[in-house]
Amino acid sequence: MKNTVDPERLMRPHLHKLVPYSSARHEFTGAANVMLDANEHPGPSPAGGALNHYPDPGQHAVKASLAAITGRSANDIFIGNGSDEAIDLLVRIFCSPGVDAIITCPPTYGMYGVCAAAHDVDELRIPLRPDFSLDVPAILRAADSRTKLLFLCSPNNPTGNCLPLEQLLELAENFPGMVVVDEAYAEFASAESALNWAKDQPNVVVLRTLSKAWGSAGLRVGMAYAVPRVIALFNLLKPPYNVGAPAQEAALRTLADPAKTTAHIALSNAERERLRVALSAMPGTTVFPSDANFLLVRFPRAGALFGNLQQQGIVVRDRSKEPGCKDCLRITIGTPAENDLLLQAIRNLPA
Ligand SMILES: *Cc1c(COP(=O)(O)O)cnc(C)c1O
């Protein structure tokens, strides 16, 4: 049975009256010799190429490429200045400041809570269980008419585990608001993505990014996949030219070569396994299972190790203050040479 949540009714009420900004390029999309409609420089741009022109506000070419890769329709896709822009827009679409709330399941990605706080929206935290699994009954007990968004992350950052599909389906069916599944690391996982089953779930938004497996964090290109009705709400609020022309062109080049990404995923996952075995063999460490391009590791003296690694020129992420992550460092899988340096540096730690 499908959830009967109606995204338009969850939306902040005043947005029903909003008339979105219509740019010159929204109003004219054909070809013409003389374009005097957008107050652009006639060119050439000192920055080169056709950069005197505004970019495509609808990112049509990138969406066509993503549609071919994912099997979702181009109308199901929002492209943002990183998926961080999609997270921010979700809060701005659905949550009234001082009234509504989001639900997060810490330890998880910090941007959900930061975006909510920036908009004076409460964050209800329903922690993961000690084994980093979701507490579905507690989430559903906390849900009410104020909790417009539930942020789930699979594989979860920083714990690395995938959330089981059955639980995601149960929440998608029973949560009375929008369910956001952040799949920033899904390409590294063997578990089934939400992209396919969420196709006709009006209350599910799946986030993806070119920043991780696709190797293009510098572009700032992230995606939200949802039914066209929900994508229309993103388009209502997004800045018209939110993805620059160089980023759109580089995104197309990135997506045109999926074999590179597939090869990177294979190497990263093999290195993750090599690091897992080596770190597990060190006395007192616990390496948590990971489906992503990082490992969460509990060390006997995490604070000292963190500082010592930094002195040796190796920066990892200290997650020891996060709930359930006492003494834990999050280590990104690097190149084989970088991973060797990391292992060597840990072995150098004075006993
Ligand atoms: C890295 C990461 C992102 C990516 O954000 P971008 O803005 O697309 O770079 C999103 N969600 C999670 C959980 C992440 O770890």
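**Close-up views of a predicted model**

**View 1. Packing of helix α11 against helix α13.** In this predicted model, helix α11 (residues 258–280) packs against helix α13 (residues 336–348) at an angle of about 15°, and their axes are 11 Å apart. Angles under 35 degrees count as roughly parallel, and α11 and α13 are therefore roughly parallel to each other. Their crossing is right-handed. On the α11 side, the contact is formed by Leu267, Glu271, Arg274, Leu275, Ala278 and Leu279. These residues meet Pro336, Asn339, Asp340, Leu342, Leu343, Ile346 and Arg347 of α13. By class, the contact of α11 with α13 comprises eight nonpolar, one polar and four charged residues.

**View 2. Packing of helix α12 against helix α13.** Helix α12 (residues 302–311) packs against α13 at an angle of about 120°, with the two axes 10 Å apart. This angle makes α12 oblique to α13. The crossing of α12 and α13 is right-handed. Leu305, Asn308 and Leu309 of α12 make the contact with Leu342, Ala345 and Ile346 of α13. The residues of this contact divide into five nonpolar, one polar and no charged.

**View 3. Packing of helix α4 against helix α9.** Helix α4 (residues 83–94) and helix α9 (residues 228–237) pack at an angle of about 95°, and their axes are 10 Å apart. Angles of 65 to 115 degrees count as roughly perpendicular, so α4 and α9 are roughly perpendicular to each other. From α4, the contact takes in Ala86, Leu89, Leu90, Arg92, Ile93 and Phe94. From α9, it takes in Leu233, Phe234 and Leu237. Sorted by class, the contact of α4 with α9 has eight nonpolar residues, no polar residues and one charged residue.

**View 4. Surroundings of the ligand.** The ligand is surrounded by 14 residues, and the closest are Asp182, Thr209, Ser211, Lys212 and Arg220.

View 5. Most peptide bonds are trans. The bond that joins Gly43 and Pro44 is cis, with omega about -5°. Pro44 is found in the loop between α2 (24–27) and α3 (60–70). A cis peptide bond also runs from Ser154 to Pro155, where omega is near -5°. Pro155 is placed in the loop between β4 (147–153) and α7 (165–174).

**View 6. Backbone of Gln59.** Most residues other than glycine have a negative phi. Gln59 has a positive phi, near 45°. Gln59 is found in the loop between α2 and α3, and Pro44 is also in that loop.

Note on methods: Residues are numbered from 1 along each chain as its sequence is written. This is a predicted model: local features need pLDDT of at least 70, side-chain atom pairs count only at pLDDT 80 or more; totals for chains, interfaces and linings use all residues. Side-chain values use heavy atoms; hydrogens and water are left out. Axes are lines fitted to C-alpha atoms, for helices over the stretch in contact, and angles run from 0 to 180 degrees between N-to-C directions. Helices (H or I, at least four residues) and strands (E, at least two) are DSSP runs, numbered from the N terminus. Angles under 35 degrees count as roughly parallel, over 145 as roughly antiparallel, 65 to 115 as roughly perpendicular and the rest as oblique. A crossing is left-handed if the near helix is turned anticlockwise from the far one by less than a right angle, and right-handed if clockwise. Contact means heavy atoms within 4.5 Å. Ala, Val, Leu, Ile, Met, Phe, Trp, Tyr, Cys and Pro count as nonpolar, Asp, Glu, Lys and Arg as charged, and the others, Gly among them, as polar. A residue is near a molecule or strand if one of its heavy atoms lies within 4 Å of it.
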